[in-house]
There are 2 protein chains.
Amino acid sequence: MEYIRELLKMHLSISENEWETFQKHLVYREFDAKSLVVREGMIAQNIYFIESGLMRSYYLEDGKEINTYFSCDGALITVFSSFLRQKAALECLEAIEKSKTYTLSYEALYRLYQQFPKFERFGRILAEQNYLCILDRTMLMQTKTAKQRYLDFIETTAPKIIQGIPLYQIASFLGIAPESLSRIRREIVRS
Amino acid sequence: MEYIRELLKMHLSISENEWETFQKHLVYREFDAKSLVVREGMIAQNIYFIESGLMRSYYLEDGKEINTYFSCDGALITVFSSFLRQKAALECLEAIEKSKTYTLSYEALYRLYQQFPKFERFGRILAEQNYLCILDRTMLMQTKTAKQRYLDFIETTAPKIIQGIPLYQIASFLGIAPESLSRIRREIVRS
């Protein structure tokens with residue numbers, strides 16, 4: 001679980017005692033490739049800290065899957081709005097590849113906030129990052145061309161995600177038609 | 001400054017000592033009606049706790065002002081993304097009416113986080129609310145009709161904002177053409 005400790009240590013200094021307590025709340029869960037972790041309409045009960053694997057969140061629009069987030073080894077994922085409100089998710093969470101995770105439940109996190117207020121910082125930074133992420137995504141969609149969006153994506157995204165996600169799913173994430181993305185990639189290779 | 005204490009007390013139990021320290025960081029500032037508080041390209045240095053007044057944030061699109069948030073007595077406002085990143089704002093902040101505020105600077109807030117980790121909760125909830133707000137707004141724009149968006153707005157918004165904001169600015173906030181909003185309002189009155 002060292003990767004989770006590292007993730008926390010990026011923002012907090014935590015004592016052995018605090019880490020021990022945090023750790024006790026984590027529950028190991030494995031998901032097969034292509035399995036649904038949170039279904040639309042379910043409540044996202046957990047944050048998933050990914051030890052190894054590849055996961056995505058997406059919503060359905062006219063029967064088409066629109067990807068909203070990808071995550072892999074050493075990072076985390078959830079359906080954040082459903083998790084925060086403990087209400088039915090409008091998005092799905094899927095394991096793209098077989099994924100090994102440690103989960104932290106909503107109840108456990110709120111118990112940790114009470115016990116050690118310093119964990120509030122983890123919650124604050126998580127919320128701030130989610131806020132900036134959705135804002136940047138909206139801006140990107142509104143102000144950048146498809147080619148700029150793709151270049152931005154490959155510059156800022158973990159190689160495992162770029163390589164592990166089928167091209168049509170990257171296209172859906174970037175709001176680009178699959179044919180256009182193929183053309184953009186050919187142009188980039190040529191230039 | 002009691003309204004600020006009330007705002008904090010919605011989420012935190014704070015001691016006299018903690019409130020004393022928090023209070024020392026607040027700086028009183030008044031803004032005339034129609035004055036720009038944060039200009040696009042400036043850094044949002046402060047959170048503005050509004051004692052009395054009416055403020056809005058907006059961005060410019062093809063020379064047109066698109067409103068993103070309104071706030072009034074007893075609530076707060078900032079350009080959150082600029083405040084968090086301490087980078088140039090893509091939005092403006094304006095006092096619509098003469099506004100009396102107490103401001104809390106970025107530096108002061110981060111000093112408070114260090115001194116009393118419990119204030120992290122204030123930051124967490126602020127970030128969570130901003131996240132949910134932008135998400136709901138995006139969803140609303142994508143999935144609801146203009147009439148539903150307007151009904152939702154008058155149901156969830158402080159009367160002072162509904163009455164104090166010119167109709168064309170509410171229209172820009174809701175992504176509705178001013179003529180359409182007038183028609184919708186006539187329909188509602190008739191029904």
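Which residues does A:L93 touch, leaving aside those up to four places away in sequence? The list runs to A:V37, A:V38, A:A44, A:M55, A:S57, A:I77 and A:V79, where touching puts the C-beta atoms, placed from the backbone, within 7 Å.

The model is a predicted one: local features need pLDDT of at least 70, side-chain atom pairs count only at pLDDT 80 or more, and totals for chains, interfaces and linings use all residues. Residues are numbered from 1 along each chain as its sequence is written, while chains are lettered from A and ligands numbered from 1 in the order in which they are written.

A:L93 also turns up in the largest nonpolar core, which has 50 residues. Such a core is a set of buried Ala, Val, Leu, Ile, Met, Phe, Trp, Tyr and Cys residues joined through C-beta atoms within 7 Å; buried calls for 20 or more other C-beta atoms within 10 Å of a residue's own, again placed from the backbone. With A:L93, the residues with the most contacts inside this core are A:V37, A:V38, A:Y48, A:M55 and A:V79. Apart from it sits another core, of 35 residues, including B:Y48, B:F49, B:F80 and B:Y102.

As for chain A as a whole, 33% of its 191 residues are buried. Of the contacts in chain A between residues at least 6 apart in sequence, 71% link residues at least 24 apart.

Then there is the meeting of the two chains: 17 residues from chain A and 16 residues from chain B take part in the contact.

Technical notes
Buried ≥ 20, exposed ≤ 12 C-beta atoms within 10 Å, placed from the backbone.
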